[in-house]
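Work through the exercises below with the sequence and the model at hand. Each task is followed by its solution.

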Amino acid sequence: MRKILFLAFVMLGVTMELLAGGMKSVRGIQATAPVQKVLVAYFSATGSTKDVATDLAKLTSATLYEIKPTKKYTLADLDWQDEKSRSSVEMKNKKSRPEIVKDLKGLESYGVVYIGFPIWWYTAPTIINTFLESYNFKGKTVVLFATSGGSTPDKALKDLKASYPDINFKGAKLINKFDEKVVKTWVNTCK
Ligand SMILES: Cc1cc2nc3c(=O)[nH]c(=O)nc-3n(C[C@H](O)[C@H](O)[C@H](O)COP(=O)(O)O)c2cc1C
């Protein structure tokens, strides 16, 4: 009899779990919505944004994805003092769309997408436009973060909002130094 009762309880538990449909229970409190999957996508030419993206992905339990140019940027390409360098030419032409490796799989399963990049000429590198135009971000929360020599990503956010009015951009943060406490507080405001 005890065995039957025990089995009945186990079955009930399993059924309740299935009905909850992935909802999270923390100390008996049911979350009202399923936890959203998070993606941290980044472009980094010299490694600074990559480091921040790696820490952010750890903090948010996210999948980390690198936005890869099919042709890597050389140091000469990044010379902003040379008006003929690749980055100068690309950033002067708002229509430039540097080609990327299109290997991001399963974007539809993510609810929140952080996109990180270095600030180039006060805004986002045009490879970010390529990325945003290569996949479907409708219905997702897109949050920007950047590294720079001091410029904020405010103009990048303004520019991208204007170019992609259908994308739900939530905000943009400069993260030159990864302070876990500060970033955690910000992450909580982006949900
Ligand atoms: C072409 C180019 C333009 C840049 N323009 C700016 C700028 O407008 N403002 C700024 O603060 N930093 C600027 N920087 C500095 C980068 O934003 C900074 O070094 C960034 O952290 C590099 O990130 P990464 O290592 O991930 O590529 C520029 C760098 C390059 C290569």
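**Exercise 1: the ligand shell**

Task: divide the residues of the shell around the ligand into nonpolar, polar and charged.

Solution. The shell holds eight nonpolar residues, 11 polar ones and one charged one. Here Ala, Val, Leu, Ile, Met, Phe, Trp, Tyr, Cys and Pro count as nonpolar, Asp, Glu, Lys and Arg as charged, and the others, Gly among them, as polar. Of the 20 residues around the ligand, Ser44, Thr46, Ser48, Thr49 and Pro118 come nearest. Helix H2 (residues 48-59) gives the most to the shell, with three residues; helices (H or I, at least four residues) and strands (E, at least two) are DSSP runs, numbered from the N terminus.

The model is predicted: local features need pLDDT of at least 70, side-chain atom pairs count only at pLDDT 80 or more, and totals for chains, interfaces and linings use all residues. Residues are numbered from 1 along each chain as its sequence is written.

**Exercise 2: the sheet**

Task: state in which order the five strands form the open sheet.

Solution. The order is E4-E3-E5-E6-E7, with parallel pairing; two strands pair if DSSP finds at least two bridges between them. Strand E4 (63-66) and strand E7 (168-174) stand at the edges with a single partner strand each, so one side of each has no neighbour in the sheet. Strand E5 (residues 112-118) is joined to strand E6 (residues 141-147) by seven bridges. Within E6, Ala146 is the bridge partner of Phe117.

Methods:
A residue is near a molecule or strand if its C-beta atom, placed from the backbone, lies within 6 Å of it.
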